[in-house]
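Welcome! Let us walk through a protein model together, step by step. Please have a look at the chain below before reading on.

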Amino acid sequence: MNYPTTAAGRQQLADELTAAGFRPTQARSSFDRAKIEAMADAMRDGSFAWTRASLQPVILGPGGEVLGGHHRVVAAHLAGVDLTTVPGPRPQVYRLPQNYRPVYRWTDVLPDVS
């Protein structure tokens, strides 16, 4: 699946991410649609550098709050990748016991459609 091009598709993506238990903590201005699309394409074709040293794991709070790795969460969902099953020298997802960030709705933060 590619990043949606309609408002209905964007809403569906938001609903799917919510149903998967992810809750964003990053403002819309921080999201980059081109980055999401490039990551999803690389995940689909196997060229995504999962173990790159500068790539931090996805950080989740106790209630599914995404504290780090928002772009990867969305890209992995679009690419059909379960982040918890990605092989490598370290886990792709870490869970923290507490969340100190505000939580948003995906419809309030996902990049607009073109």
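## The chain as a whole

Among contacts in the protein chain between residues at least 6 apart in sequence, 82% join residues at least 24 apart; contact here means heavy atoms within 4.5 Å. What you see is a predicted model, in which local features need pLDDT of at least 70, side-chain atom pairs count only at pLDDT 80 or more, and totals for chains, interfaces and linings use all residues. Residues are numbered from 1 along each chain as its sequence is written, and side-chain values use heavy atoms, with hydrogens and water left out.

How far does the chain extend along its principal axes? The C-alpha trace spans about 40 × 35 × 25 Å. The radius of gyration of the protein chain is 13 Å, which agrees with the value near 13 Å for a compact globule with 114 residues. This radius is taken over C-alpha atoms, and the globule rule is 2.2 Å times the number of residues to the power 0.38.

Of the 114 residues, 44% are buried. Buried means under 20% relative accessible area, exposed means over 50%, and partly exposed lies in between (1.4 Å probe, protein chains only). The chain exposes about 6100 Å², and carbon and sulfur atoms supply 53% of that area. Accessible areas come from the Shrake-Rupley method with a 1.4 Å probe; for residues, only the protein chains shown count as cover.

## Helices and strands

The secondary structure comes to four helices and four strands. Along the sequence they follow the pattern α-β-α-β-β-α-β-α. Helices (H or I, at least four residues) and strands (E, at least two) are DSSP runs, numbered from the N terminus.

In which order do the strands form the sheet? The four strands make an open sheet in the order β1-β3-β2-β4, with mixed pairing. Two strands pair if DSSP finds at least two bridges between them. β1 (23-24) and β4 (93-95) stand at the edges with a single partner strand each, so one side of each is left without a neighbour in the sheet.

## Inside the sheet

Let us look at β3 and its partners. Strand β3 (residues 65-68) pairs with β1 in the parallel sense, over two bridges, and Arg-23 stands opposite Glu-65 in β3. β2 and β3 run antiparallel and are also joined by two bridges; here Leu-60 stands opposite Val-66 in β3. The hairpin of β2 and β3 has four residues between the strands, and in this hairpin Gly-64 takes a positive phi near 85°.

Leu-67 is a residue of strand β3 and, at 12% relative accessibility, counts as buried. Leaving aside neighbours within four places in sequence, Leu-67 is in contact with residues including Thr-25, Ile-59, Leu-96 and Arg-101. The C-alpha atoms of Leu-67 and Arg-101 are separated by 7.5 Å, although these residues are 34 residues apart along the chain.

## A covered helix

Is α3 mostly covered or mostly open? Nine of the 10 residues of α3 are buried, so "mostly covered" is the fitting description. Among the buried residues are His-70, Val-73, Ala-76 and Leu-78. Together, the buried residues of α3 pack against α1 (7-19), β1, α2, β2, β3 and α4. After α3 comes Gly-80, whose phi is positive, near 75°.

## Aromatic pairs

How many aromatic pairs are there? The count comes to two. Rings of Phe, Tyr and Trp (its six-membered ring) pair if their centres lie within 6.5 Å; planes under 30 degrees apart count as stacked, over 60 as edge-to-face and the rest as tilted.

Phe-31 and Trp-106 form an edge-to-face pair, 6.4 Å centre to centre with 70° between the planes. Phe-31 lies in the loop between β1 and α2 (33-45) and Trp-106 in helix α4 (residues 106-109), so the pair ties together parts that are 75 residues apart in sequence. Phe-31 is buried, with a relative accessible area of 9%, and Trp-106 is buried at 1%. Phe-48 and Trp-50 also form an edge-to-face pair, with 4.6 Å between centres and 65° between planes; both residues are buried.

## A partly exposed residue

Asp-32 is found in the loop between β1 and α2 and is partly exposed, with a relative accessible area of 38%. Leaving aside neighbours within four places in sequence, Asp-32 is in contact with His-71 and Pro-111.
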